[in-house]
Amino acid sequence: MGHSMKRKEDARFIQGKGNYVDDIKLPGMLYMDIVRSPYAYAKIKKINTEAALKIPGVVAVVTGRDLEQYNLHWMPTLMSDTQMVLPTDTVMYQAQEVAAVIATSRYAARDGKEAVIVEYEPMKPLIDPYKSLNDDAPILRLDKPGKTDNHIWHWQAGSREETEAVFSNADVVVKEQMHIPRIHVASIETCGCVADYDKVDNHLTMYMTTQAPHAIRTVIALVAGHVGLTEEKIRVISPDIGGGFGGKVPVYPGYVIAIAVSFLVGKPVKWIEDRSENLQADSFARDYHITAEMAATKEGKILATRFKILADHGYTDAAANPSKFPIGMFSVCTGSYDYPTSFVEADAVYTNKPPGGVAYRCSFRVTEAVHAIERITDRLAFEIGKDPAKLRIENFIQKDQFPYKSPLGWEYDSGDYVAGLEKAMNAIDYDGLRAEQVEKRKKGELMGIGISTFTEIVGAGPSKDFDILGIKMFDSAEIRVHPTGKAIARFGTKSQGQGHETTYAQIIAEELGIPAEHIQVEEGDTDTAPYGLGTYASRSTPTAGAAAVMAARKLRDKARKIAAYLLEVSEEDLEWEPGKFSVKGAPEKSKTIQELVFAAYTNHPQGMEAGFEATHYYDPPNLTFPSGAYICVVDIDSETFEIKVRRFVAIDDCGHIINPMIVQGQVHGGLTQGIAPAMYEELIYDEAGNILNGTLMDYLVPTAVESPKWETGHVITPSPHHPIGAKGVGESPTVGAPPAIANAIVDALSVYGVTHMDIPITPYKIWKKLKDTGKI
Amino acid sequence: MTTSINRTFEINEPIEKVWDSLSNPHEIVSCVPGAALTEQVDADNYKGTVTLKFGPVKASYDGLVTFLERNAATKTMSLKGVGTDTKGKGGADMLMSGVLTDKAGSTEVNVTMNVEVTGMLAQFGSRLINDVSNQVFDQFIDNFSNKLAGKDVNNTMSAGSMVGSMVKGLFK
């Protein structure tokens, strides 16, 4: 632990030896391609498959009417809504699946897809989520009997009345309307699968790009149980995954169609999305319209916050949140500040857009929450003319207040926010920058400094509150140590690039004393790994990592018994140091872990079970609360409004660090995915529901060219309830970076009286805002 | 997505001659690059096809053209075109109106065109659509002028030339 061990998995990744879904080729395998709707809302009048079926190699064209015969044309979403697998009569968004072409080669499948002619009757789509709540808005979900509007759910937390009372008596109230734009994870690997149904054994092997293979197995059994596919007959294998970021949690129609076709024809069926299909049809993230308000004294003591959200879910709520939290963990929106009162309410609506939204590198809507609180905190600082760093320091929850009960009911486990911000301010020379800014402003130059001091909430989660489709959100580890003292460990999680094969090995090495290079980590095969809910929401270290510790400790207890037997002393007389037990006061009398494991197979005490294996299912007592203090400096060209991030300092507190190099890599990647929505990414739809940037030529994913030099550092406050004090880090930078950048840009533009800009903030948007308000 | 074009240009022909062409569906459609009339439904309704190429993206539309107004007294006309992609990849709607003004023997033509494109062309062509529409329109004006002057009309639309002239336009 605490060592920058090189990643064990990288040898195969950097040599092109990874094994991704598209690398899997099975004998007799068929290929599937999907016909998609050009319209955002239309009736299907006719699907003409004649020409497609004449193309050599095309085996079949599957439509919703075909699936309807098996009652497989609709499926449940993780949020207990329903989603079409293939439509029978209406398409609800542009790029929706309309039919599937099955062929003997990928090329024939693509040619077949081009040859399927679909006649549509276009209808006027609902694109604006506010308009979809109007009384005269057409009702989109006519499939739901008795549905009289486009409203999905209402959710609230805190006391409306108490909050209103504080607001009406406060010296200062600030308010901003914000949109956290619809974006996409755009992982390097798109989604896909190979569904391989064996008619003889009535057995399905499903190779797929999934972050949660066990949950998927259960879902398949629930959806397909009626056609005879029961859970013991289903094996889900998630091989190497080229980036997930939440986008590989949901079940997409393509997976289900591939299973259905393989089931019907008895051959393996491969489906791999192309880049545009991935961007246009797979679950989006964010898309929250937020009204944020903060009440304070005129000196700047925060008294209360209030947030009102309109969530655009597309045509079905296909988010991937724990069941009881339709708005995810948004209620961490009260932030890192100590005040007693807050109220949040949210309404979700249907529109003619792709369904979602997934938690893109974010523990369920935390990104939206952090953006809202960090932006409105800066807004308060601007209003009362106080330095935003000073305002934060004066309002922080102090380190001796932990565990801290937040206004909306969370128990923050640990943190030292003052230390984090001061470390970041020193690293970037905050006072020097402010002095420089004064000089620059005299010369008419635009320079801004932005701060984000965020608290995350990760590691879902304790079983009393957290489940997905009723399955509690524990996670698991199983360790088998072989007679020669080398181990294999399996987990219910699934790495998509996070480096589990290394960090889990390091955790077990620390607890058992077996060198990490001799611990083989395996995940992703439901036939071999213990059941778990998978990897997202920064939950792997808080849950499965903790399970590894607990399983290793069970084995250490067994080793102690064997050592006592071999050394002929009582267990209490033994001392542990990583790798061996020795007799207290007689250190020359000792047994190494390798000797003790060997004895477990060759010379175990009478009455003891042979072997050296342990499994643990870890149900965390609380979530973990990583935090960070990020400061960003931007220079904006005063004529072209080109934005340059000059410096970005990120101080993270993720508790105890297992592998500093992996943490640093995670922070670098996350920060880059943080500048993405802040400055570049947004899925844009026109009034007709056309996606206007459905390719990576137009949807701007930042590259190394756009990435500034990231300066990182740490404050460490171990989680008091996690067995090794770790908190999780994968998502902090994605969550924390956008408001730091937005705050910096707004700070630069504050000379023009600008108090808020919606992300992504582009040179054009700045020019337009200043032009529209007559500033230039 | 919607794109709008409004142009005023002058043709060195008398207004009645220009009006005869502008109000005649066969004459006007033959000047639109990539367009052809296939059937006359009645006096105001015609069936036709339009093929457009936007770089690598090609779309063919089957459509119905309807004259909404043909007023010889005021020299104003308007027509509506509704098209769907022949392969079910989207659609395009167009509203076009034209007014002629006598300019001492020659004729000033003012034409407004609103095109709304749905589907694949809107997705892939959103950045090109304004430029390409302008190119198409310029070619239409050339064709219309040439036709009235009794010269040959180039009615084909070439992807290469479109994209090529756009790229050249970038370096003007």
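Chain A splits into domain 1 (10-123 + 191-272), domain 2 (284-405 + 412-460 + 622-772) and domain 3 (475-618), with the bounds coming from an automatic or database domain assignment. The model is predicted, so local features need pLDDT of at least 70 and side-chain atom pairs count only at pLDDT 80 or more, while totals for chains, interfaces and linings use all residues. Residues are numbered from 1 along each chain as its sequence is written, and chains are lettered from A and ligands numbered from 1 in the order in which they are written.

A seven-stranded open sheet of chain A has the order β3-β7-β1-β14-β11-β12-β13, with mixed pairing. Strands here are DSSP runs of E, at least two residues long, and helices are runs of H or I, at least four residues long, numbered from the N terminus; two strands pair if DSSP finds at least two bridges between them. At the edges sit β3 (58-63) and β13 of chain A, each pairing on one side only. From one strand to the next, the twist averages 20 degrees. Axes are lines fitted to C-alpha atoms, for helices over the stretch in contact, and angles run from 0 to 180 degrees between N-to-C directions.

Inside this sheet, β1 (residues 30-36) and β14 (residues 269-272) of chain A pair in the parallel sense over three bridges, and A:Y31 stands opposite A:K270 in β14(A). Helix α4 (residues 106-115) of chain A packs on the sheet and touches β1, β3 and β7 (97-103) of chain A, its direction making about 25 degrees with that of β1(A). Contact means that the C-beta atoms of two residues, placed from the backbone, lie within 7 Å. Helix α7 (residues 253-265) of chain A lies across β1, β3, β7, β11 (192-198), β12 and β14 of chain A, at about 25 degrees to β11(A).

Over at β12 (residues 203-208) and β13 (residues 234-237) of chain A, four bridges join the two parallel strands, and A:M206 has A:V236 as its bridge partner in β13(A). Together with helix α6 (residues 213-224) of chain A, β12(A) and β13(A) make a right-handed β-α-β unit: with the strands pointing away from the viewer, the path from the first strand over the helix to the second runs clockwise.

Now for how domain 1 meets domain 3. Their centres in chain A, taken over C-alpha atoms, are 40 Å apart, and the contact takes 17 residues from domain 1 and 14 residues from domain 3 of chain A. On the domain 1 side, α6 and β13 of chain A are the elements that give two or more residues, and α6(A) gives the most, with four residues. By class, that side has eight nonpolar, six polar and three charged residues; Ala, Val, Leu, Ile, Met, Phe, Trp, Tyr, Cys and Pro count as nonpolar, Asp, Glu, Lys and Arg as charged, and the others, Gly among them, as polar.

Another open sheet of chain A has four strands in the order β21-β31-β32-β33, again with mixed pairing. Its edge strands are β21 (446-455) and β33 (710-714) of chain A. Five bridges join β32 (residues 643-653) of chain A to β33(A), and the two run parallel; A:A650 is partnered by A:T712 in β33(A). Helix α12 (residues 430-442) of chain A lies across β21 and β31 (627-636) of chain A, at about 150 degrees to β21(A).
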